[in-house]
Amino acid sequence: MNATQLARPARNTSVDWGQRIRHRFWFWVSLIVVFLFSVIVLAPIIWTLSTSLRQPIGSFSVPPQWIPIPPDFSNYADVFRTVPGGQYVLNSVIVTFSTVAGQLVTASLAGYAFARFQFPFKNLLFWLILATLMIPGQATIVPVFVLISKLGLNDKLMSLILPSWATAFGTFLLRQYFMGISNEYEEAALMDGASQWRIFRSVYLPLVAPGLAILAILSFNGTWNEFFRPLIFLTSPSNFTLPLGLVNLAGYMGTGSISIVLAGVMLSLFPVLVIFLLGQRYLIEGIAMGGLKG
């Protein structure tokens, strides 16, 4: 045995085994907890999908039948036969994509201005914008409705689109991203003779793409699922968005087919799931890159 081997301390195998056992124990505990929470979250969605594929008479069977045999896909076709589902979907698409596009434009411009420019009362104005996040939409729905009425936008899709373009959350989020970018990019662009608009459009905007992705995903999900404002601003069934129009599937006093109603719910849920699955990588990357920087 040489001197190096004599100087090396002997490893305590009992301690190593104890650490492995504790690590494995907590791993399985964490896995079980995550599984239980996953079941709690997914069970209502699975039940909705299962019921949408059953005959109405089998919707309240005891014991409940989780796997419908045979599945009845006609409920999805009945959604469009019972109500003008195609028109509802088109209205939701117009409102949602117009809102998302408008918020990306206004939030990126406002966030860039608050992050890169100096002007009087900048901080006070920014904190006032943030303060609006603490005011629920129900508290401002009356003055917004009065303003919409004076603009002649009652019972029009623009009554949902126009007020949504100003977003305090989007302004805050993109301001944080712009503040996290080095000033050296702007200095180099100014030396090359670029204008502020060119610097914003060609230099800074591509660098905050993760923040734009986060805002787009959250805005899409919130607008697509919105029920309260369409209920207040829209009166004509031809202008209803999908969440509001699906209420008509329940029929008078809720006497409609529960299977058709839940088929409509699944149709409404599908675009949200697709957008989230396609954009979750950008959402996670954007949060990890520091939505709280600055």
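**Exercise 1. Describe the overall make-up of the chain, starting from its contacts.**

Among contacts (heavy atoms within 4.5 Å) between residues at least 6 apart in sequence, 72% join residues at least 24 apart. The model is a predicted one, in which local features need pLDDT of at least 70 and side-chain atom pairs count only at pLDDT 80 or more, while totals for chains, interfaces and linings use all residues. Residues are numbered from 1 along each chain as its sequence is written, and side-chain values use heavy atoms, with hydrogens and water left out.

The next step is the secondary structure: the chain holds 14 helices and zero strands, where helices (H or I, at least four residues) and strands (E, at least two) are DSSP runs numbered from the N terminus. Turning to burial, 35% of the 294 residues are buried; buried means under 20% relative accessible area, exposed over 50%, and partly exposed in between, with a 1.4 Å probe and protein chains only.

**Exercise 2. Work out how helix H4 packs against helix H11.**

Two packed helices are described by the angle between their axes and the distance between the axes. Here the axes of H4 (residues 85–116) and H11 (residues 209–224) come within 9 Å and cross at roughly 145 degrees; the axes are lines fitted to C-alpha atoms, for helices over the stretch in contact, and angles run from 0 to 180 degrees between N-to-C directions. The crossing of H4 and H11 is right-handed, a term for the near helix being turned clockwise from the far one by less than a right angle, with left-handed used for anticlockwise.

The residues come next. On the H4 side the contact includes Ser 92, Val 95, Thr 96, Gln 103 and Ser 108, and on the H11 side it includes Leu 215, Ser 219, Thr 223 and Trp 224. The residues of this contact divide into eleven nonpolar, seven polar and no charged, where Ala, Val, Leu, Ile, Met, Phe, Trp, Tyr, Cys and Pro count as nonpolar, Asp, Glu, Lys and Arg as charged, and the others, Gly among them, as polar.

**Exercise 3. Decide whether Gln 103 is buried or exposed, and list what it touches.**

Gln 103 lies in helix H4, and it counts as buried because its relative accessibility is 11%. Not counting residues up to four places away in sequence, Gln 103 touches Leu 215 and Ser 219, and also Ser 108, Ser 164, Trp 165 and Thr 167.

**Exercise 4. Find the largest cavity and the largest pocket, and say what lines each.**

On a 1 Å grid over the protein atoms alone, a cavity is a set of points where a 1.4 Å probe fits but cannot get out, and a pocket is an open set with protein on both sides within 12 Å along at least five of seven lines; lining residues have an atom within 4 Å of a point. Grid points are joined across faces, edges and corners, and a volume is the space filled by probe spheres set on the points.

A search of the whole structure finds one cavity of 30 Å³ or more, and about 60 Å³ of space lies in the largest cavity. Its lining includes Ser 92, Val 95, Thr 96, Thr 223, Trp 224 and Arg 229. The largest share of that lining, three residues, comes from H4, and by class the lining has four nonpolar, four polar and two charged residues.

The largest pocket has a volume of about 970 Å³. Of the 25 residues that line it, Gly 137, Thr 140, Pro 163, Ala 166 and Arg 229 are the closest to its centre. Helix H6 (137–150), helix H8 (168–179), H11 and H12 each give two or more residues to this lining, which has 13 nonpolar, ten polar and two charged residues.
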